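The sequence and the structure come first.

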Amino acid sequence: MTNQAIRILELKGNNIHGDATEYLAKLLRQNYSIRSISLEWNSLGLMDGNGFSHFCESLGMNKSLKDLDLRNNQITHTGAMELSAAIDANSTLQSLGNLF
């Protein structure tokens, strides 16, 4: 993703899960201009494949994102542990929407 103009990505309420979560993981790995992503009211946490695991891995490596909203995403206990590790590894994230 080479677009440098997009700073805010609003994807609230799009029922994103599975393969779409993989695309978001790729976005987090390759884009360094996005500062804020709202993913509220999706289904990222559904463990239908490895999408959420890859999303968390990419979040841990991302060095530009400052705000992330993951409210109401059906995150499982396993997903919460992966998300926690990603947050610990991410040094730029400043704001995380209330998950519950």
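In this predicted model, helix α1 (residues 19-30) and helix α2 (residues 51-61) have axes that come within 8 Å and cross at roughly 10°. Angles under 35 degrees count as roughly parallel, so α1 and α2 are roughly parallel to each other.

**Contact of α1 with α2**

- On the α1 side, the residues involved are Thr21, Glu22, Leu24, Ala25, Leu28 and Arg29.
- On the α2 side, they are Gly51, Phe52, His54, Phe55, Ser58, Leu59 and Met61.
- Sorted by class, this contact has seven nonpolar, four polar and two charged residues.

**Burial of α2**

- Helix α2 is mostly covered, with eight of its eleven residues buried.
- These buried residues are Gly51, Phe52, Ser53, Phe55, Cys56, Ser58, Leu59 and Gly60.
- The cover over them includes α1, strand β3 (67-69) and α3.
- Gly51, Phe52, Phe55, Ser58 and Leu59 are among the α2 residues that meet α1, and they are also among the buried residues of α2.

**Nonpolar core**

- In soluble globular proteins, nonpolar side chains tend to be buried together.
- The largest nonpolar core here has 20 residues, of which Ile37, Leu39, Phe55, Leu65 and Leu68 touch the most other members.
- Helices α1, α2 and α3 (77-89) each supply at least two residues of this core.
- Phe55 is one of the residues with the most core partners, and Phe55 also takes part in the contact of α2 with α1.
- Leu65, leaving aside neighbours within four places in sequence, is in contact with Leu28, Ile34, Arg35, Ser36, Ile37, Leu59, Asn90, Thr92 and Leu93.
- Two of these partners of Leu65, Leu28 and Leu59, also belong to the contact between α1 and α2.

**Chain as a whole**

- The protein chain has three helices and four strands, and along the sequence they follow the pattern β-α-β-α-β-α-β.
- A compact globule of 100 residues would have a radius of gyration near 13 Å, and the protein chain, with 12 Å, agrees with this.
- The C-alpha trace spans about 35 × 25 × 25 Å along its principal axes.
- Of the 100 residues in the protein chain, 42% are buried.
- Taking contacts between residues at least 6 apart in sequence, 86% join residues at least 24 apart.

**Strand β4 and Ser95**

- Ser95 lies in strand β4 (residues 95-96).
- Is Ser95 buried, exposed or partly exposed? Its relative accessibility is 34%, so Ser95 counts as partly exposed.
- Not counting residues up to four places away in sequence, Ser95 touches Lys66, Asp67 and Leu68.
- Leu68 is also one of the core residues that touch the most other members.
- Ser95 and Ser53 are 42 residues apart in sequence, and their C-alpha atoms are 20 Å apart in space.
- Ser53 is one of the buried residues of α2.

**Positive phi in loops**

- Asn15 lies in the loop between β1 (8-10) and α1.
- Its phi is near 55°, a positive value in a residue other than glycine.
- Gln74 lies in the loop between β3 and α3.
- Gln74 is not a glycine either, and has a positive phi of about 55°.
- With 48% relative accessibility, Gln74 counts as partly exposed.

Methods
Residues numbered from 1 in each chain as written. Predicted model: local features only at pLDDT ≥ 70, side-chain atom pairs only at ≥ 80, totals over all residues. Heavy atoms only, no water. Axes fitted to C-alpha atoms, helices over the stretch in contact; angles between N-to-C directions. Parallel < 35°, antiparallel > 145°, perpendicular 65-115°, else oblique. Contact = heavy atoms within 4.5 Å. Nonpolar A, V, L, I, M, F, W, Y, C, P; charged D, E, K, R; others polar. Core = buried A, V, L, I, M, F, W, Y, C linked by side-chain atoms within 4.5 Å. Buried < 20%, exposed > 50% of the residue type's maximum accessible area, 1.4 Å probe, protein only. Rg over C-alpha atoms; globule rule 2.2 N^0.38 Å.
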